[in-house]
2 protein chains.
Amino acid sequence: MLDKVIQKKTKKADVEESLNEMQARLIDLANAAKAAKIPVVITIDGWAAAGKGSQIAKLIKYMDPRFYNVEPIRRPNDAELRKPWMHRYWQRLPKQGDFLILDGSWYSDTVKSRMGGVIDKSGYEQRVRDINTLERQLHDDGYLIIKLFLHITQEEQRKRLKKLDENKFTSWRVDAHDFENNKRYDKIFRNFDRILEATNTASAPWNIIPANDGVTAQFEIMHIVTEAIKGACEAKEQGTEFRLTPSFPLTDYKPEKFTLVRTKKLSKIDMDKSLTEEEYRAKLKKYQKRLFELQNLCYRRKIPVIVAYEGWDAGGKGGNIKRLASAMDPRGYEVKPIAAPEPSELARHYLWRFWTRLENDGHFTIFDRTWYGRVMVEPIEGFTPKERADMAYNEINEFEKQLSDWGAVIFKFWINIDKDEQYRRFKERENTPSKQWKITDEDWRNREKWDEYEKAVDRMIKLTSTETAPWTVIEGNDKKYARIKALKTICDRLEKHLK
Amino acid sequence: MLDKVIQKKTKKADVEESLNEMQARLIDLANAAKAAKIPVVITIDGWAAAGKGSQIAKLIKYMDPRFYNVEPIRRPNDAELRKPWMHRYWQRLPKQGDFLILDGSWYSDTVKSRMGGVIDKSGYEQRVRDINTLERQLHDDGYLIIKLFLHITQEEQRKRLKKLDENKFTSWRVDAHDFENNKRYDKIFRNFDRILEATNTASAPWNIIPANDGVTAQFEIMHIVTEAIKGACEAKEQGTEFRLTPSFPLTDYKPEKFTLVRTKKLSKIDMDKSLTEEEYRAKLKKYQKRLFELQNLCYRRKIPVIVAYEGWDAGGKGGNIKRLASAMDPRGYEVKPIAAPEPSELARHYLWRFWTRLENDGHFTIFDRTWYGRVMVEPIEGFTPKERADMAYNEINEFEKQLSDWGAVIFKFWINIDKDEQYRRFKERENTPSKQWKITDEDWRNREKWDEYEKAVDRMIKLTSTETAPWTVIEGNDKKYARIKALKTICDRLEKHLK
């Protein structure tokens, strides 16, 4: 794609009027995006010394600074290195109506990592896939993604580096490394070109900006950004999907299809499994000891472990989690109770609040309720339209795949009880003063929708039991059995994994 | 204090029953704290190999893991080093009803920093003051702070280190450094003792646990923790303040009194200041250029800059901030619009949401509305009782002092307009379609309370204009004048500061 770019020279006077007009329009468009609740992500990448910083300054010059955030993307710091590589981008995700402008992005991040030997060929391919996934997921959620690549020639870059180096105010920004990179321009060119080609998708097509001349670049950027926001606002008003018009042939990108493992319907689960008190005591001791040792190994080998708990109300999640937690070194896990989302969470992609809750590698993150609310409570209670929720099966598989690529071992437990057992437990809660706070009218209301929930759970288990993140249905009528099964499942798979 | 500790030996059998009883009670007490919305912070500090980890494990063994979080405090990582030293503790602050248990804390953090030469004598004293401030602020906000120091003798420590070193599962936890530290036990003893003495305050008195014997330590910890939570819950129910009974004479701690600079009442401000369009253009250009250069210097010297904007509705904060922002490199500042707090924010100390919004050193953090809402809108609208809000003047001075000690240069702008000018602007907004979103019924309602607000603002300016963080009242009837005054104030003081 880069070889198609023609550098131009534009006289300031020729475009000044249009520029002023576009700048004025941008203010109104930013307000319109705010009103339409469209979150905007602009990634500005390109060659060193291509003028990213000054182009960003020109772009935002008249915008309301309360509603944008410019984030320079540099080498990840040591806190960021302990999370999945995409974590730092998710963390910075703007809320509806806000702008995130990235100076450098997942693109330069990936190219630098590959050329610097931080990732190998397959790591690179995985990252490209992650990028396409991210951009598609955000686009599908209503984000407007504008990708700009500032392209300059080798000669122009050399001249600019020299100029920066000779000015005492800017010389600190340039080092020998930059000049070396200028000499291997061709190699970097091929690397940039390759990633641009591979990520020119319908959700987020590329804009390559000829940037040898600053005025030309500014004009093109203003034009692209204003037109994109205008189009997105119009589409939102009309209730249609908005796609930017690509300038280059689109890459052949298709969302990953996941191999699913065979699962059983809930109605086919044998719910009579139980343990005697003595069996329970013995097994609890045994598996808790094993888990403690395994946790220590995971910590030392920096393996993240994700445990996702879902299940019927009164299914016994709390007690189950407790047996897990009490086996472990408390410095190495954290339990994340998931309640209704807060305003700042509702204003972002629904996966944001889970991405940002991930603990460091080497740690256990235990979710008490999870991202699966997206395909259960949300469509059933009408918080999310059914068609939108349906998209989540694959989005979730992709999310979990990225966790697995990070090195995480993922457990997903559905604690199953039958309808009679739930009734018994609800009644017991109502009749036990110290447990009354655990039972609300909402629990009874949810119970009325049992069949609808059961259908949703069956579907969820069927569509999201991937090889790296399979569901484990836990027979929960007997709490003792359920606790041991969770512990044993974790121990067995971790043991296998650590070998 | 440490020399008063008598190591004891307790037979497990003698206390087993009490321990079981206390453990059962702790479950109920944790639920009671949850119901009473009391946030609990337990700091567990002490000698290396004193058994902190295993005591924590015993403490939380039967607690609901959804409601506590155990955080090991190690050397700060590179992200943490770019914030005030207390930032990482504020960040971890539990919400009402939750427990935060720190394995190591601001105590070992400070002692290690001093002994390792990271801070000098005055830095040490400043940290001790910060600790007492933090604990008092949290206590005053209803936090229960339980501080435990696990004390072991030199000989016991040597034995334990040797044992850890000889076991292949634990040897990785011990290194030569630990054995060296064991040899300079006396010196560390003096350092620990000194900080314990200096921080034994009424808000958060010390508990020193003889920990040569694990059973003794466990028993004492369980006893202290259960009694403390019980007391806090009872006090909350009765609506009284709860103070733990100190085991040692309290230190002579008094909150810092701040020297205030002389200020003027709003009614004495000359509101006729203005600039012609030509003056404005010329000065804008001049100061924006200077600010750009100064920002660059701050970035390179890692000086954080905090700009806090307050002012009347329609005072022109937005446009003022914009002139500031558009002068700067957008990668080096962030504007934080402060709206009504979300549930997770309301469930914590009110300063939490400002601590956690601080940008890295070298960056500008610009607040559009601030922590001063605590002494204006909150008491006036009845969100916070007046007596509680009154405590905020000093809390805020302390907060800003800590920012200043971090190295921050702090600007606080009150953009002042008179009542007629506000009326004119409200009307203009109502009559301009593109500005109608900016004016709401609430603005008109607030306007009715003008006099009450003016009194509150006068008081706020009077009581929080400290030498390091003085208020600048900006005459805002003429927007041009106001913008230049903000820019000039920042440039002048930064220039002086950077010399």
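Q: Let's start with the sheet in chain B: how many strands form it, and in what order?
A: In this predicted model, the open sheet of chain B is built from 5 strands in the order 2-3-1-4-5, and the pairing is parallel.

Q: Which strands stand at the edges of that sheet?
A: Look for strands with a single partner strand: in chain B these are strand 2 and strand 5 (206–210), so each has one side left without a neighbour in the sheet. On average, neighbouring strands here are turned by 20° against each other, direction ignored.

Q: In what sense do strand 4 and strand 5 of chain B pair, and over how many bridges?
A: Strand 4 (residues 144–151) of chain B pairs with strand 5 of chain B in the parallel sense, over 5 bridges. To find the place on screen, look for B:His151, which stands opposite B:Pro210 of strand 5.

Q: Now the helices. What describes two packed helices?
A: Take helix 2 (residues 52–60) and helix 9 (residues 214–238) of chain B, whose axes lie 10 Å apart at an angle of about 50°. That angle makes helix 2 of chain B oblique to helix 9 of chain B. Their crossing is right-handed.

Q: Which residues make the contact between helix 2 and helix 9 of chain B?
A: Helix 2 of chain B contributes B:Gln55, B:Lys58 and B:Leu59, while helix 9 of chain B brings B:Ala217, B:Gln218, B:Ile221 and B:Val225. Sorted by class, this contact has 4 nonpolar, 2 polar and 1 charged residues.

Q: And in chain A, at what angle do helix 6 and helix 7 cross?
A: Helix 6 (residues 154–166) and helix 7 (residues 176–183) of chain A cross at roughly 165°, with axes that come within 10 Å. An angle over 145 degrees counts as roughly antiparallel, and these two helices of chain A are therefore roughly antiparallel to each other. The crossing is left-handed. On helix 6 of chain A the contact uses A:Gln154, A:Gln157, A:Arg158 and A:Leu161; on helix 7 of chain A it uses A:Asp178, A:Phe179 and A:Asn182. The classes here are 2 nonpolar, 3 polar and 2 charged residues.

Q: Finally, how many residues does each chain give to the contact between chain B and chain A?
A: Chain B and chain A give 32 residues each. On the side of chain B that touches chain A, the elements supplying at least two residues each are helix 2, strand 2 (68–72), helix 11 (317–325), strand 7 (333–337) and helix 12 (343–346). By class, that side of chain B has 14 nonpolar, 6 polar and 12 charged residues.

Technical notes. Residues numbered from 1 in each chain as written. Chains lettered and ligands numbered in written order. Predicted model: local features only at pLDDT ≥ 70, side-chain atom pairs only at ≥ 80, totals over all residues. Axes fitted to C-alpha atoms, helices over the stretch in contact; angles between N-to-C directions. Helix = DSSP H or I, 4+ residues; strand = E, 2+ residues; numbered from the N terminus. Parallel < 35°, antiparallel > 145°, perpendicular 65-115°, else oblique. Left-handed = near helix turned anticlockwise from the far one by under 90°. Contact = placed C-beta atoms within 7 Å. Nonpolar A, V, L, I, M, F, W, Y, C, P; charged D, E, K, R; others polar. Pairing = 2+ DSSP bridges.
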